[in-house]
Amino acid sequence: MKISVAGTGYVGLVTAVCLAERGNNITCLDIDKEKISLMQNGTSPIYEPGLELLMEQNKENITYTTDYMKAYSDAQIIIIGVGTPEKKDGSANLKYVFEVARQIAQTVEQDCIVIVKSTVPVGTNDKVEQIINEHKKYNVTIEVASNPEFLSQGTAVKDTLNATRIVLGVESENAEKLMKEMYKEFDIPFVVTNRRSAEMIKYAANDFLALKISYINEMANLCEIVGANIDDVALGMGMDPRIGNRFLNAGIGYGGSCFPKDTKALHWLASFNDYELKTVKAAIEVNENQKIKLIKKSRKYFDSFNGLSIAVLGLTFKPGTDDLRDAPSLVNIPLMIEDGANVKVWDPVGTENFRRIFPDEINYCKSIEETIVDTDICFIFTEWAEIKSFPLNKYKELMKRPLILDGRNCYSLTEAEDAGLVYESIGRRKVHTLIE
Ligand code: UDX
């Protein structure tokens with residue numbers, strides 16, 4: 001089918017490339033000329049494993065353009081995958097979605113389906129339809145349908161090609177038929193519902209996962225107080241298929257482009273409708289506190305960071321991405337600097353993005369060794385494979401004091417003890433209480 005995709009971020013570009021891989025003819029549209037020319041030359045503007053290879057393999061079926069008239073006029077389906085960033089009050093900013101809707105209305109010359117893939121509050125599809133009908137230039141039928149995605153960064157291509165379900169939020173049989181045709185080579189079960197339920201499924205799923213993480217983080221905090229071990233607790237809980245063993249990793253909280261934004265947006269939507277979503281509110285609060293848990297822990301070793309040399313391993317919100325959105329590092333590192341610390345950081349792919357936000361005051365290192373040498377404390381914020389496989393004896397060998405505060409439970413307590421480290425993690429018994 002002839003499909004145009006508006007927006008070439010994680011959602012838009014990955015969806016576009018996967019639809020091309022499954023036999024559709026795709027036009028990718030973005031207002032950013034630089035991004036478009038990168039993609040025209042075969043380079044992905046985002047770091048996503050497998051994406052560039054699929055772009056190359058499907059280059060005959062994908063066109064990249066900044067010209068929305070060219071992209072929309074004769075498309076059978078137009079997918080909106082532009083950003084819905086968080087506004088100051090926590091609600092989702094829909095101006096980009098609505099702008100695309102207006103452009104579609106003014107350009108489309110044949111009947112088509114507009115699919116909203118961006119994560120949008122319940123009722124947005126109705127507004128998109130209203131905008132299109134108000135601004136429509138030609139006498140054509142443009143239907144609007146919801147089709148949320150559930151991809152995770154770092155595994156986005158795999159998640160899209162092997163999704164657990166495809167949610168179709170439709171108000172007509174025609175929209176259902178055309179969307180099923182677009183996905184006909186995917187072999188993934190459909191959940192067909194109305195638009196508002198589809199919009200709600202996305203938020204309900206994301207917020208449930210965020211809640212699950214905040215729940216396990218609270219259990220971890222309690223484990224520390226009562227002397228239990230969260231690894232064993234999570235194992236014992238997760239074997240119950242009603243709970244499931246995924247998303248039970250305790251740590252310093254969730255970040256990324258979805259959970260922080262989507263929890264706040266749903267909470268805002270509920271408040272706006274005079275309903276208090278207490279569980280989601282709790283998940284947000286727990287997460288905010290969890291992010292600075294390691295700094296709180298460090299207080300028992302040092303009253304202040306003034307004059308200390310601090311190593312930070314991992315900057316991104318999770319491994320496998322260069323994305324820093326709502327990453328714990330963004331909250332913690334400024335606190336360290338403000339307190340007078342000299343901060344050295346390392347991340348395998350996130351350094352350049354971090355440098356753009358903090359160009360000065362931070363020493364950017366090229367290896368873990370270079371980062372930890374002669375430091376007083378090492379904080380771990382992301383569980384990169386390179387960190388997990390780093391020989392523990394090197395901390396003892398290179399650091400001024402081998403104090404490791406691990407926010408992602410990268411190492412086993414026994415191995416850390418055997419390596420002679422002062423090692424604190426999340427929800428597990430610590431090895432030593434005093435620095436040698
Ligand atoms: C998430 C959802 O998984 C995806 O379905 C949705 O479409 C977008 O949001 P993503 O943000 O890419 O995807 O990452 P995810 O792997 O879900 O992790 C989100 C955050 O939760 C990360 O900061 C991660 O470190 C944290 N996390 C995840 C935990 O702290 N513990 C866990 O057990 C799992």
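User: Before we start, what are the ground rules for numbering and confidence?
Analyst: Residues are numbered from 1 along each chain as its sequence is written, and side-chain values use heavy atoms, with hydrogens and water left out. The model is predicted, so to speak of local features takes pLDDT of at least 70, side-chain atom pairs count only at pLDDT 80 or more, and totals for chains, interfaces and linings use all residues.

User: OK, how many helices and strands are there in the chain?
Analyst: The chain has 19 helices and 14 strands. Both are DSSP runs numbered from the N terminus: H or I with at least four residues for helices, E with at least two for strands.

User: And how compact is the chain?
Analyst: Its radius of gyration is 24 Å, close to the 22 Å from the globule rule for 436 residues, so the chain is as compact as a globular protein of that length. The radius is taken over C-alpha atoms, and the rule is 2.2 Å times the number of residues to the power 0.38. Along the principal axes, the C-alpha trace spans about 80 × 45 × 40 Å.

User: What share of the residues is buried?
Analyst: Buried residues make up 54% of the 436. Buried means under 20% relative accessible area, exposed over 50%, and partly exposed in between (1.4 Å probe, protein chains only).

User: What about contacts between residues 24 or more positions apart?
Analyst: They account for 72% of the contacts with a separation of 6 or more. A contact is heavy atoms within 4.5 Å.

User: Switching to rings. How many aromatic pairs are there?
Analyst: The count is 11 aromatic pairs. Rings of Phe, Tyr and Trp (its six-membered ring) pair if their centres lie within 6.5 Å; planes under 30 degrees apart are stacked, over 60 edge-to-face, and the rest tilted.

User: What does the Tyr183 and Phe186 pair look like?
Analyst: Their ring centres are 5.2 Å apart with the planes at 85 degrees, so the pair is edge-to-face. Tyr183 and Phe186 are both buried.

User: And why is Tyr395 with Tyr411 called edge-to-face?
Analyst: The planes of Tyr395 and Tyr411 are at 70 degrees, with the centres 6.0 Å apart, so that pair is edge-to-face. Tyr395 sits in helix H18 (residues 393–398) and Tyr411 in the loop between strand E13 (403–406) and helix H19 (413–418), so the pair ties together parts 16 residues apart in sequence.

User: Are those two buried or exposed?
Analyst: Tyr395 and Tyr411 are both buried. They also belong to a cluster linked by ring pairs, along with Phe390 and Tyr423.

User: New topic: where is Pro319?
Analyst: Pro319 is in the loop between strand E9 (309–313) and helix H14 (328–338). At 25% relative accessibility, Pro319 is partly exposed.

User: Which residues does Pro319 touch?
Analyst: Leaving aside residues up to four places away in sequence, Pro319 touches Thr382, Glu383 and Trp384. The C-alpha atoms of Pro319 and Val349, 30 residues apart along the chain, are separated by 9.1 Å.

User: What's the phi of Asp326, in that loop too?
Analyst: Asp326, also between E9 and H14, has a positive phi of about 55 degrees although it is not a glycine. Asp326 is partly exposed, at 29% relative accessible area.

User: And Phe247, what is its phi?
Analyst: Phe247 has a positive phi of about 60 degrees, and it is not a glycine. Phe247 is in the loop between helix H10 (230–238) and helix H11 (259–272).
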